[in-house]
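Here are some notes to read alongside the sequence and the model. Please keep the structure open and find each residue as it is named.

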Amino acid sequence: MIRTVKTSEITENIKEMCIEANYYLSRDMDAAMKNAAATEESELGQKILNQLQDNLEIADKEQIPICQDTGMAVVFIEVGQDVHFEGDAIEDAINEGVRQGYVEGYLRKSVVKDPLIRENTKDNTPAVIHYSIVPGDKVKMTVAPKGFGSENMSRVFMLKPAEGIEGVKNAIMTAVADAGPNACPPMVVGVGIGGTFEKCAILAKKALTRSIDSYSEIPYVKNLEIEMLDKINQLGIGPGGLGGTTTALKVNINTYPTHIAGLPVAVNICCHVNRHVVREI
């Protein structure tokens, strides 16, 4: 049975999600930050993590953005194949939600119309939108405002198949080590392995929206997530890049089938403000 969803409902939800994502961290992210402050071995690292925690509490209490970089809105939208949209075009509805959220929420507008001419759009549109059609009659929306201090530290590696899992490990460690303090650690590291040049990047971006408590259902990938987190935290970059045992809070890895001649790997780094909100209507 076909279910009708008004695109005005999409707009309203996207607006609220943009504001919510910038004012609060998800419960699992908040818990991870508190745990990091409790387990960090460096005295200076503990101090920085406590300051970051104070910042999160002020943002919540005062209803102001966690970070001055309120990001470029990245939206993953999963549309049930039994859904019929009524109203404006779905892309227009999503961008209108972003516009309202960033204007009404007094969030910094950071998007420029052209990558070289650099004229600000003044409402943080357009969003970067990833669509997928799934079974059912629901619409699942994930809004992830992505700040560019950490986005700029992300990498894509086109490895040879013979490089195998050791090549993947080296790629992850290279990206994180090169990022150093510039990604505002402690960071969350999203990794995409497989697909094509663009697919692995989307996999890595989506990995950042996974719960920080989650692990891959594929045993070797889960083991890789655990191993990489341990090795990253041995780099000593630490909170704020000033040394310590908490360089990353989590490594999330997504995989996808790929071509016999390739091994694409993307590493999408996010700062400790790993913002994302998920809703289903």
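**Notes on the sheet, the salt bridges and one glycine**

1. Strand β6 and strand β9 (residues 263-270) pair in the antiparallel sense over five bridges; here two strands count as paired if DSSP finds at least two bridges between them, and helices (H or I, at least four residues) and strands (E, at least two) are DSSP runs numbered from the N terminus. Within this pairing, Val156 stands opposite Ala266 in β9.

2. Before going further, please note that this is a predicted model, in which local features need pLDDT of at least 70 and side-chain atom pairs count only at pLDDT 80 or more, while totals for chains, interfaces and linings use all residues. Residues are numbered from 1 along each chain as its sequence is written, and side-chain values use heavy atoms, with hydrogens and water left out.

3. The pairing of β6 and β9 belongs to an open sheet of four strands in the order β6-β9-β7-β8, with mixed pairing. Because β6 (155-159) and β8 (248-258) stand at the edges and each has a single partner strand, one side of each is left without a neighbour in the sheet. From one strand to the next, the twist averages 15°, where axes are lines fitted to C-alpha atoms, for helices over the stretch in contact, and angles run from 0 to 180 degrees between N-to-C directions.

4. Helix α7 (residues 197-207) packs on this sheet and touches β6, β7 (187-195), β8 and β9, contact meaning heavy atoms within 4.5 Å; the direction of α7 makes about 145° with that of β7. Helix α8 (residues 219-233) also packs on the sheet, where it touches β7 and β8, and its direction makes about 140° with that of β8.

5. Turning to charged side chains, the count comes to 16 salt bridges, a salt bridge being a side-chain nitrogen of Lys or Arg within 4 Å of a carboxyl oxygen of Asp or Glu. In one of them, Arg279 is joined to Glu16, with the closest N and O atoms 2.6 Å apart. This pair links distant parts of the chain, since Arg279 lies in strand β10 (residues 277-280) and Glu16 in helix α1 (residues 7-23), 263 residues apart. Arg279 is partly exposed at 22% relative accessibility, and Glu16 is partly exposed at 32%.

6. Another salt bridge joins Lys34 and Asp30 at 3.2 Å, N to O, and both residues lie in helix α2 (residues 27-39), four residues apart, about one turn of the helix. A further one joins Glu119 and Lys113 at 3.8 Å, N to O; Glu119 is partly exposed at 42% relative accessible area, whereas Lys113 is exposed at 60%.

7. Finally, please look at Gly244, which sits in the loop between α8 and β8 and counts as buried at 16% relative accessibility. Leaving aside residues up to four places away in sequence, Gly244 touches Glu40, Ser42, Asn233, Gly236, Ile237, Gly238 and Pro239. Gly244 and Gln46 are 198 residues apart in sequence, and their C-alpha atoms are 8.5 Å apart in space.

Notes
Buried < 20%, exposed > 50% of the residue type's maximum accessible area, 1.4 Å probe, protein only.
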